[in-house]
Amino acid sequence: LFAKGFDISAFAGYSDTRSVAIDTTNNRYDWRGQIIGTNPSGGEFGRNGRSLFTQMDKSVIYRINTTYQLPSDFKLGFNYLYSSTRRTGEDPFTPVYRIPYIEPQRIGSHFAGLSLEMVKLDGKLNANAFVKYYGYNSSINDLVFTTDWEVLEENNNVANWGGGFAASYKLSSKLLLKTSTEQATRMPSPTEALGDGVTILNNPFIQPEQSFNANLGVTLGRYQLGLHDDIKISLNTFYRNVEDQILFTVVDGQGNGEFRNINKVKGLGAEIDIVYTLDQKFKFNLNGTYLDLRNNLKIDENGRDNIVYQDRLRNTPYVMANAGLEYIIRDFIQKESKVFTYLQSSYVHEFFLRWPSLGNQDNKDIIPTQLIFDAGVGYTFPSQKLVVALDISNMLNEQVYDNFLLQKPGRAIFLKINYQIM
């Protein structure tokens, strides 16, 4: 734009959203939507009566990216990102002091990065060194009671620096090595800091998550197994050392909670991904993940031994796997048309709801092992503009749960019709 080898792009956005949670009925319902009783005061959210809560968000985002091609296959890059959310709320049925966001609350974050990238050895070696700045600020209200209810405004401003290095080297056309290290910061999202006004409480004292990450991986393939089939295998291992990891914490028997910081978490992990294709029609993919993330705080903030020290991270799956089959039939019924079918399975091994060292060892809350299957079929018309698809999720109608032992929906059937105008 301004000089040869210099590129710049910019983006700006603004959103004004409004969401309403309606809880005005006197009835109580089960998971099937059947009435199982009444509540004279009305409502099921637990606010001691009916609620018609309206949440209003005003959000902005600005982003700029620039690159400059330097001599000798070097490239300099700079990017900046700013985002902010201002949230307010209203509810005609709830006492003023209990209305979430009756006083405006907001969060904002700044991110800036400077990188130097190089490509050497005829494209075999790629390397990237970078430095990053993270800024986080928030104004979040805390409701306290002394002689009367009082709203206190808590302000938080945090600034962190980070950086790292990433490189890949192609030993051959079918063997790629990758490695990276980074000191990173993750800002709290609007939901993590401000809550949602319904089941997630705000947290005025939440801090950005800081971590040191190291990764080492290898990619093999694609290797030809025959005239028309091939296979590709990717393996990645990683190490993480985290301070103030952000994790949701349930605070009552109804599943309500807030996001909190866990002081220290450390662990290792590995991922494998295998993709097999045959004649560009059939594809089989298999991937698995193993995580060993543990509480690494030996002495708690009160100077006592931490009884959950070295416990596996609660509410976090540590063995997961996915497998899928895909098959494409071309020129089905009509020339240039395509039929796409798939079968996908997902496996999550059982894991603890709470810290493993807490409570009765014989009566632990465990999220059970889950195995679900999804399937679907789609038809693309010859014009390539119209696609009709039928998808079935959890086709065996298995009982499944989220990471907090809350029941998730069973079998569901979706009919999708996509038409591309332009």
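Mentor: Two strands count as paired if DSSP finds at least two bridges between them. The model here is predicted.

Trainee: What makes strand 7 and strand 8 a pair?

Mentor: DSSP asks for at least two bridges. Strand 7 (residues 125–145) and strand 8 (residues 149–172) are joined by 21 bridges, so they meet the cut-off and are called paired. The two run antiparallel.

Trainee: How many residues lie between strand 7 and strand 8 in their hairpin?

Mentor: Three residues separate them.

Trainee: Why is strand 9 called a partner of strand 8?

Mentor: Nine bridges link strand 8 to strand 9 (residues 175–186), in the antiparallel sense. The requirement is at least two, so this is a pair as well. Lys-170 faces Leu-176 of strand 9, and the hairpin these strands form has two residues between them.

Trainee: How do you know that strand 1 pairs with strand 4?

Mentor: Strand 1 (residues 6–23) and strand 4 (residues 51–70) share 18 bridges and run antiparallel. At least two are needed, therefore they pair. Asp-23 has Ser-51 in strand 4 as its bridge partner.

Trainee: What makes strand 5 a partner of strand 4?

Mentor: Strand 4 is joined to strand 5 (residues 74–90) over 17 bridges in the antiparallel sense. Asn-65 stands opposite Asn-79 of strand 5.

Trainee: Which residue in the hairpin of strand 4 and strand 5 takes a positive phi?

Mentor: Ser-72 does, with a value near 60 degrees; this hairpin has three residues between its strands.

Technical notes. Residues numbered from 1 in each chain as written. Predicted model: local features only at pLDDT ≥ 70, side-chain atom pairs only at ≥ 80, totals over all residues. Heavy atoms only, no water. Helix = DSSP H or I, 4+ residues; strand = E, 2+ residues; numbered from the N terminus.
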